[in-house]
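Please look over the sequence and the 3D view below. Then read on for a brisk tour.

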Amino acid sequence: MAGLPGPGRGRGRPFPRECCEGLGGLEYGQVDVTVMAWLFGYVDVTDSAFIVATLSIAFNPLFWNMVARWEHNTRALSRVFGSPHAACYCLGAVILLLNCVRSHCFTEAMKSQPKLEGLDCHWAYYLGLAILAVGTLFVTTSFLALGFTGTFLGDYFGILMEAKVTSFPFSVLDNPMYWGSTAIYLGWSLMHASPAGLLLTAVVALSYTIAMLYEGPFTEEIYWQKQKGAKSK
């Protein structure tokens with residue numbers, strides 16, 4: 001995220017401080033729905049930059065899951081590139097490129113819409129910076145623990161790890177790479193005081209949650225087949 005443009009006011013006037021009032025009488029069970037409805041009220045979801053960012057967010061996990069499953073079933077990429085490792089590195093490079101495009105689209109969507117005045121202050125900026133730092137920590141340490149092939153779906157290429165990784169950050173939460181990435185976008189949105197960014201962060205979290213529902217059982221099946229094959233020898 002370091003290469004992204006700095007905070008900008010965006011077009012249009014900032015929202016009045018009164019927009020944040022009037023929530024005190026809500027029951028806690030209504031808060032999540034109310035916050036989402038509130039965000040929709042201050043974000044132009046028909047804006048072209050917002051639509052492009054949303055499509056980019058949704059496309060990335062769909063792309064890498066479809067390609068990885070295709071490779072697992074056919075070994076086509078491994079044959080084209082000459083080895084599973086070369087094919088995995090190629091897919092990883094494409095995923096990194098797509099993530100850069102997604103981050104650019106995310107930032108452009110925030111810049112195209114107004115800031116929220118209630119968040120346009122020092123405490124929100126530094127809170128966002130702290131959340132971004134924590135997210136970066138989770139992403140970086142996840143990568144170091146898994147390695148390149150472990151991070152970029154190497155198990156779908158037949159590059160299996162010897163044992164489940166249990167060191168930090170996997171010792172504190174499941175799927176730290178995904179949640180760390182989500183935290184980075186949340187922190188980036190708070191630093192920009194952007195309601196559009198907050199709404200897009202919810203889209204990121206939703207897309208990753210759906211990806212985890214598909215990836216988890218499929219990956220477990222891959223390693224179960226490995227264990228089954230080892231026992232039969």
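Which helix gives the largest share of the lining of the second largest pocket? Helix 2 does, with seven residues. Keep in mind that this is a predicted model.

## Overall build

The protein has seven helices and zero strands. Read from the N terminus, its elements run α-α-α-α-α-α-α. The chain holds 233 residues, and 39% of them are buried.

## The second largest pocket

This pocket has a volume of about 290 Å³. It is lined by 13 residues, and those closest to its centre are Pro61, Leu62, Asn65, Ile210 and Tyr214. Two elements give two or more residues to the lining: helix 2, residues 48-74, and helix 7. By class, the lining of the second largest pocket divides into nine nonpolar residues, three polar and one charged.

## The largest pocket

The largest pocket has a volume of about 1,800 Å³. Its lining is made of 50 residues. Nearest the centre of this pocket lie Leu146, Gly150, Thr151, Phe170 and Met177. The elements that give two or more residues to this lining are helix 4 (84-111), helix 5 (122-151), helix 6 (176-191) and helix 7.

Helix 7 supplies the largest share here, with nine residues. The lining of the largest pocket counts 27 nonpolar residues, 15 polar and eight charged.

## A nonpolar patch on the surface

Four residues make a nonpolar surface patch of about 450 Å²: Leu206, Ile210, Leu213 and Tyr214. Take Tyr214 as an example. Tyr214 sits in helix 7, which covers residues 195-232. Is Tyr214 buried or exposed? Its relative accessibility is 53%, so Tyr214 counts as exposed, since the cut-off for exposed is over 50%.

Two residues of this patch, Ile210 and Tyr214, are also among the residues closest to the centre of the second largest pocket.

## Three salt bridges

Side chains of opposite charge can pair when their charged atoms come close. How many salt bridges does the count come to? It comes to three.

One joins Glu71 and Arg75, with the closest N and O atoms 4.0 Å apart. Glu71 has 0% relative accessibility, so Glu71 counts as buried. Arg75, at 28%, is partly exposed. Another joins Glu108 and Lys111, with a closest N to O distance of 3.4 Å. Both of these residues lie in helix 4, three residues apart, which is about one turn of the helix. Both ends count as partly exposed: Glu108 because its relative accessibility is 28%, and Lys111 because its value is 32%.

Lys115 pairs with Asp120, and here the closest N and O atoms are 4.0 Å apart. Lys115 has 9% relative accessibility and therefore counts as buried. Asp120 stands at 32%, so Asp120 is partly exposed.

## A loop residue

Where is Thr166 found? Thr166 is in the loop between helix 5 and helix 6. Its relative accessibility is 57%, so Thr166 counts as exposed. Now compare sequence and space. Thr166 and Ala145 are 21 residues apart in sequence. In space, their C-alpha atoms are 9.0 Å apart.

How values were computed. Residues numbered from 1 in each chain as written. Predicted model: local features only at pLDDT ≥ 70, side-chain atom pairs only at ≥ 80, totals over all residues. Heavy atoms only, no water. Patch = residues over 30% accessible without salt bridge, like charges linked within 9 Å, V, L, I, M, F, W, Y side chains within 5 Å. Areas by Shrake-Rupley, 256 points an atom, 1.4 Å probe, with all protein chains shown as cover. Salt bridge = Lys/Arg side-chain N within 4 Å of Asp/Glu carboxyl O. Helix = DSSP H or I, 4+ residues; strand = E, 2+ residues; numbered from the N terminus. Buried < 20%, exposed > 50% of the residue type's maximum accessible area, 1.4 Å probe, protein only. 1 Å grid on protein atoms, 1.4 Å probe; cavity = no way out; pocket = protein on both sides within 12 Å on 5 of 7 lines; lining within 4 Å. Points joined across faces, edges and corners; volume = space filled by probe spheres on them. Nonpolar A, V, L, I, M, F, W, Y, C, P; charged D, E, K, R; others polar.
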